[in-house]
Amino acid sequence: MSAIDNLPPLRDVIAEHGLSARKSLGQNFLLDLNLTAKIARQAGDLRECDVLEIGPGPGGLTRGLLSEGARKVLAIEKDTRCMPVLEQISAAYPGQLEVINGDALEINPLAHLTPPIRIAANLPYNVGTELLVRWLTPKEWPPFWQSLTLMFQREVAERIVAQPGSKAYGRLAILAQWRADAKIVMHLPPGAFTPPPKVSSAVVHLTALPEPKFEADASTLSHVVAKAFNQRRKMLRAALKGTAPDLEDRLLAAGIQPTERAEQVSLEQFCALAREIKKA
């Protein structure tokens, strides 16, 4: 018996179904059910929430979310080999787990979920950043989710919470911190996974803010930040060349010296610059 429910330990489940993690799917399985329950707790009180999980694999975090009382879990899994295992979990938690076999980048989860909604996932490495950017850049804000509790490679997690002046500071930090409170809540060594990845991992918790921290047009800010950090070694007047006819004046109006580089510019200043460029 496992530590959190009456289902078999994950190592036994994986052995029974011949589930080896596939590098092509960005898979690294987390087998310690006490650890997956701890990650689930980082998502907060789930009893009145539906939870979206991407890439559940053999269901370690899924079981953690359900054992912590999630009202419903929608698990989207691309790997057909995992379907029988996830169906066993669904049978053990009647009416609480819905499993969809498909690509998370192509599926609209809102047809299957009822607010309030939280997202919790050990994201596959190969789609994790793309999914995060999608969740942070919807057309309307507040988004459909209340919070994101996501596991990434440690390097990616540090980019999400980075501050100006650090090497990790960039587009992800701006997009995440503009509309959400972001913090690293757990660190996990490679040995926690099967197979062990070459890098450490970390869990990031992001809470959606009712309004962005500073006024800015989302598409303009995203464009400016992407261009600025794409050439982060260049001075901003060179990196942002062509974004506005009087760019240097716009930079100065936003409180930015044209000779500064992107990593020296704060979130507030980038938002001010987006407003200035939107006027142009």
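Which strands does helix α2 (residues 33-41) lie across? In this predicted model, helix α2 lies across β6, β7 and β9, and its direction is at about 165 degrees to that of β7. These strands belong to an open sheet of seven strands.

- From one strand to the next, the twist averages 20 degrees.
- Strand β2 (residues 50-54) and β3 run parallel and are joined by five bridges; Val 51 has Val 73 of β3 as its bridge partner.
- Strand β5 (residues 117-122) and strand β6 (residues 145-153) also run parallel, with six bridges between them; Arg 118 has Ser 147 of β6 as its bridge partner.

**Helix α5 on the sheet**

- Helix α5 packs on the sheet, where it touches β2, β5, β6 and β9.
- The direction of α5 makes about 160 degrees with that of β6.

**Burial of strand β3**

- Strand β3 (residues 72-77) is mostly covered, with six of its six residues buried.
- Lys 72, Leu 74 and Ile 76 point one way from the strand, whereas Val 73, Ala 75 and Glu 77 point the other way.
- The residues on both sides of β3 are buried, including the Lys 72 and Glu 77 positions.

**Helix α7, an enclosed element**

- Helix α7 (residues 171-179) is largely enclosed by the rest of the structure, because eight of its nine residues are buried.
- The buried residues are Leu 172, Ala 173, Ile 174, Leu 175, Ala 176, Gln 177, Trp 178 and Arg 179.
- These residues pack against the helices α5 (128-136), α6 (154-161), α8 (218-230) and α11 (267-279), and against the strands β7 (180-188) and β9 (201-208).

**Packing of α1 with α4**

- Two packed helices are described by the angle between their axes and the distance between the axes.
- Helix α1 (residues 10-17) and helix α4 (residues 83-92) pack at an angle of about 135 degrees, and their axes are 10 Å apart.
- That angle makes α1 oblique to α4, and the crossing of the two is right-handed.
- Val 13, Glu 16 and His 17 of α1 make the contact with Pro 84, Val 85 and Gln 88 of α4.
- By class, the residues of this contact are three nonpolar, two polar and one charged.

Terms used. Residues numbered from 1 in each chain as written. Predicted model: local features only at pLDDT ≥ 70, side-chain atom pairs only at ≥ 80, totals over all residues. Heavy atoms only, no water. Buried < 20%, exposed > 50% of the residue type's maximum accessible area, 1.4 Å probe, protein only. Helix = DSSP H or I, 4+ residues; strand = E, 2+ residues; numbered from the N terminus. Contact = heavy atoms within 4.5 Å. Axes fitted to C-alpha atoms, helices over the stretch in contact; angles between N-to-C directions. Parallel < 35°, antiparallel > 145°, perpendicular 65-115°, else oblique. Left-handed = near helix turned anticlockwise from the far one by under 90°. Nonpolar A, V, L, I, M, F, W, Y, C, P; charged D, E, K, R; others polar. Pairing = 2+ DSSP bridges.
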